[in-house]
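User: I'm new to this one and would like a close look at a single part. Could you take me through it slowly?

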Amino acid sequence: MEEREDTGKDRMGSAIVKGVLIGVPVVLVGLTLGIFLITDNDLADSFATAILPGILLGVFGGGFAGMALTME
């Protein structure tokens, strides 16, 4: 088998994926709880309200954090 050398692209890609996998659930739970506490909605309605912005913000924030971790 031939050995691959570690390039910056491989390291950055894996860091971005790890950031997104951590960021999406954290932001989704945070937004759900925030909407639940601020509004009169129940937990299911708060989750339904927070799912789209939670995913978008989690992907953006997690990708940015992963990219920032690989900067030299």
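In which helix is Val29 found? And what can you tell me about helix H2?

Analyst: Val29 is found in helix H1; helices here are DSSP runs of H or I with at least four residues, numbered from the N terminus. A quick note first: this is a predicted model, where local features need pLDDT of at least 70, side-chain atom pairs count only at pLDDT 80 or more, and totals for chains, interfaces and linings use all residues. Residues are numbered from 1 along each chain as its sequence is written, and side-chain values use heavy atoms, with hydrogens and water left out.

Now to H2, which covers residues 43-69. Its end C-alpha atoms span only 34 Å, whereas a straight helix of 27 residues would span 39 Å (that's 1.5 Å times one less than the number of residues). H2 also has a kink of about 45° at Ile51, shortly before the proline Pro53; the bend is the angle between axes fitted to the seven residues ending there and the seven starting there.

The buried residues of H2 are Ser46, Ala50, Gly54, Gly58, Gly62, Gly63 and Gly66. Take Gly62: its relative accessible area is 5%, so it counts as buried (under 20%; exposed is over 50%, partly exposed in between, with a 1.4 Å probe and protein chains only). Leaving aside neighbours within four places in sequence, Gly62 is in contact (heavy atoms within 4.5 Å) with Ile16, Gly19, Val20 and Leu57. Gly62 and Val26 sit 36 residues apart in sequence, and 9.8 Å apart in space, C-alpha to C-alpha.

Key:
Helices (H or I, at least four residues) and strands (E, at least two) are DSSP runs, numbered from the N terminus.
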